[in-house]
Amino acid sequence: MKSIMKRKINEVAVLGSGVMGSRIAAHFANIGCKVYLLDIVPKELNDSEKKKGLSLQDPAVRNRTANENLQSVLKAKPSPIYRTDFASRISTGNFEDNMSWLSNVDWVIEVVIENLEIKKKVFDNVEKFRKPGTLVTTNTSGIPIHLMIEGRSEDFQQNFCGVHFFNPPRYLQLLEIIPTPKTSKDVIDFLMWYGDLFLGKTPVLCKDTPAFIANRIGVFSIMAVFKLKDELGLSIKEIDTLTGPLTGKPKSATFRTADVVGIDTLVKVANNVYKDCPIDEARELFAIPDYVNKLVEKNWLGDKTKQGFYKKSKDEKGEKVILELDPGTFDYKPSPKSNMASVTVAKPIDNLKDRLKALHSGKDKAADFLRSLNFYIFQYASNRIPEISDEFYKVDDAMRAGFGWEFGPFEVWDALGIKKIVEQMTAANKKPADWVLKMLEGGITSFYKSENGKKKYYDIPSNSYKEIPGKSDFIILDNFRSNEPVWKNSGATLHDIGDGIVNLEFQTKMNSIGSEILEAINKSIEIAEKDFKGLVIGNNGEHFSAGANLAMMLMLATEQEYDEIDVAVRQFQKATMHVRYSNIPVVVAPHSLVLGGGCEICLHSDKVNASAETYIGLVEVGVGIIPAGGGTKEMTLRASDSYAEGGIELPELQKRFMNIATAKVATSAEEAFDMGIFRRGFDSYSVNPNRVISDAKKYAILLADKGYTKPIPRTDIKVLGRTALATLLLGIHSFRLGNYISEHDQKIAEKLAYIMCGGDLSEGSLVSEQYLLDLEREAFLSLIAEKKTMERIQSILTTGKPLRN
C-alpha cells in the first residue's frame, strides 16, 4: 500500500477531445486535477474564423477542435462537471504545439479514434515527451491492449494499461482495468486503488479479451433479446417493459438503450465479438439480425439521427408521442396495448428478489421470455469463467457498475435459486458451465453469502467462500441482513455496523418520511445514547429520501383532520430537533435524491457526509407548502450566522429565500455547498457512493472520540423584521405582475418571507429556534388547507409533476 500511495496524480493529459475525452477531462477536473485536453489541429478555417480575419497559425484556430468539443460537452444535461467553475482546471491545446506539456503530467490518457495505427502514432509522440514513470493508459473499448505496446520502451510498457471508462464517466461507476503481460503489478494495484478512492469508480480487473467484461456480457444479453423477440413475437415496448426497472434494469431497458448509445455502436461491438471470438459457443448469436442491419443502412441510428427503435412525433392534437418501430414494415406506430398477467402480478412487489421470483414463475409469454433470457445469460456468463475473468463476482460488479443492473447475472441466479434454475436450464437444453454443476455436487448452493457484514463469493479453485477483495472499506447494508437488528419497525432498521456505531436505514417506498421513520429516528437516538457512541443515518436504496409522505398528508387534508396534521408536523419538528440535540453525534449519509424532509434531516445533523452525486433541496413550495420540518428555520438560522461572518444581511437572506421559493435542487454535493445546504469546513462528500456510509461512520467515531457535547439550543437567531419583509414582498409582487408565478405561488412565497423575516416584527430582533418552528407550523397548516395545494399534491402523486395552478 505504501508504494501505491507514493504515486500522486496532480496533472493529467487527455489526448482526444471527443465526447468521451472531454467528459473524462471534466471528471478529473471534478476531483481537483489540473487537466490538459489536446486534439488535432484543423486543416481549414471555418466561416467564423474567416470573418474574424484569423489564420491557421492563430492559437484560437489551432486549438479549435479541443475548445469546441469541450464547450459542447460542458453544455450537456446532465452536466459532466460538479461546478461550472471547475472547468477552469482544464487547459486546451493541440497535438502539434502542446505535447511538451506531457513532461509535467502524472498520467496520460489516450482517447483518440478506435484505430490501432493512429493510436500507435499518438504513443510515438507520447514517448518523446513523457517523463519516466508517467502512467499511460488507453480508453479503448475493443482493441487488444497488448498490441499497443509493440515497439515501446520498457518503462512505457511497465507503466501502460488499458483503463476503460464508461460513458458518461461522471455518472457510470465502472472502470475496467486491463493490463498487458508487461504492466507492472504496482501500476495495476495503483489504478484499482485510485479508481475506487479518487475517481469514485468500481474498478474491475479484466483480462485482455474481446469487449472485456461488461460489453461482452451486456451486448450478448441485448443480442439474446433480439433473438427472443423474433421467437416469441413480443413488441419493442413490451420487451422494454420486461427488461427495465421491473427486473432491476435501467429505465432505458434494451431498445431505448440502443437508441441512446447508438445502434451503429452496438452493431460495431457485436461484429467485433463475432469476428474476434471464433470459438465462442454462442458466436452465432452475435450475428446482427436483418432488421437491425437495415436500421444502420437507413441511418436510423437512434437519438443522434432522431429515430431508431423509437421515434418522437406528434398526434392529431399536436401532443408529443413516442412511436415504436414495426420491424416487419419499418413503419413507426403507437405502441400496442399490452396485458401481461405476470407483469400485473409482479409490479406491486417492492422487493426485487421477490419480484424476480414472481416473474420467473409466471405462465404467460412475458414469463417465457424472461425465463429464456435468464437461461441464455446464465449459461453464457458461466461459460465465460475463466475466459474473461477467473472470478465470477467481477462479472456482477461490471454489469452493475457499467450497465446499471441492480443485480448482476450471478446475483439474479442466486435470488431465483441455483439448484432449481440449473434443473430448468438443463431441461431447456441450456446447461450451465461444468464448474456450476461441480459446485452444486459439492453441496454449495449459492454463489454468495454474507458473514459479519461482509459479502463473500464462492471461489472455484478452493471450493470455498472468500471475502471479495477491495470491499472491506464498504458498508453495504444488505450484508447485515443475516445479523439480528438492533431495532426495527415497518419502515426502518437499526443496524450495528461495528466500533460503537449504529446505522439507521430507511426502508419505505422511495424512503419517504412518515410516522414510522420519525419513530425510528427518535428510537435510534435513544438506543445510541444508551448503548453506543454514535449514529449514522444512511441507506443503500436508489434514493436517500424523496421527502415527506405526501399521500398521508393529502388524506388528512382531504378529511380536514387538521389537528392530526398539526400533530404530524410537531412530530417531524421534534425528530429533526432530536437529530440536532442529542447526547451522541449524528452523521447523515445522503445520496441521489434528497428532497424536502430528507434535506431537513441533513440540515439538523452534526455532520453530513454525502455522495458526490447528491441532488438535494427544499422542494416543498413546488407542492404548495413550505418546509416545516425545521428547514425554513434552519436556513434562516444559517443566514443569521452568515451575518456574523461578514455577510451582507439582506442579500444573504434573499439567497436562501430564493432557494426555497424556487424549490431549487443542487445537482451535486458541490452545488449543495454553494447553496448553503452543506457547510464548508463541516460537511464532506465521498466520490465513491459505496464509501458514503463507511466514511460517515469514520466521522461519527471521530466526533465521539474527540469528546462530544450536546449543543445548546439557539436563542440568538437574528431576523430582519418588516424592512426586509417589505423588500421580499415587493419582489414577490413584481414576479406576480410579470406572470412569472401564479396567485397561489405568491401566497406561498409571502408566507415563506414572513417566517424568514421573523414575522410581524418592527425591527431586527434575536429569536429562538422554537419561535421560528412555530411560524413554520402555522404557515404549513394554513397552506395544506388550500384547495390548490391539495390539487398540486394529487398531481404529484398521480403524474409525478406539480400543477402550476
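Reply: Let's start with Asp368, which is partly exposed at a relative accessible area of 30% (buried means under 20% relative accessible area, exposed over 50%, and partly exposed in between, using a 1.4 Å probe and protein chains only). Before going on: this is a predicted model, where local features need pLDDT of at least 70, side-chain atom pairs count only at pLDDT 80 or more, and totals for chains, interfaces and linings use all residues. Residues are numbered from 1 along each chain as its sequence is written, and side-chain values use heavy atoms, leaving out hydrogens and water.

Asp368 forms a salt bridge with Arg371, with 2.5 Å between the closest N and O atoms (a salt bridge is a side-chain nitrogen of Lys or Arg within 4 Å of a carboxyl oxygen of Asp or Glu). Both residues belong to helix α16 (residues 365-383), three residues apart, or about one turn of the helix. Arg371 is buried, at 18%.

Glu411 and Arg400 also meet in a salt bridge, at 2.9 Å from N to O. Glu411 lies in helix α18 (residues 409-416) and Arg400 in helix α17 (residues 393-403), so this pair ties together parts 11 residues apart in sequence. Glu411 is buried at 10%, while Arg400 is partly exposed at 28%.

Then there is Lys509 with Asp350, whose closest N and O atoms are 3.8 Å apart. Lys509 is exposed at 62%, and Asp350 is exposed at 57%.

Elsewhere, a network of salt bridges links Arg83, Asp85, Glu670, Asp674 and Arg680. The whole structure holds 61 salt bridges.

Definitions and conventions:
Helices (H or I, at least four residues) and strands (E, at least two) are DSSP runs, numbered from the N terminus.
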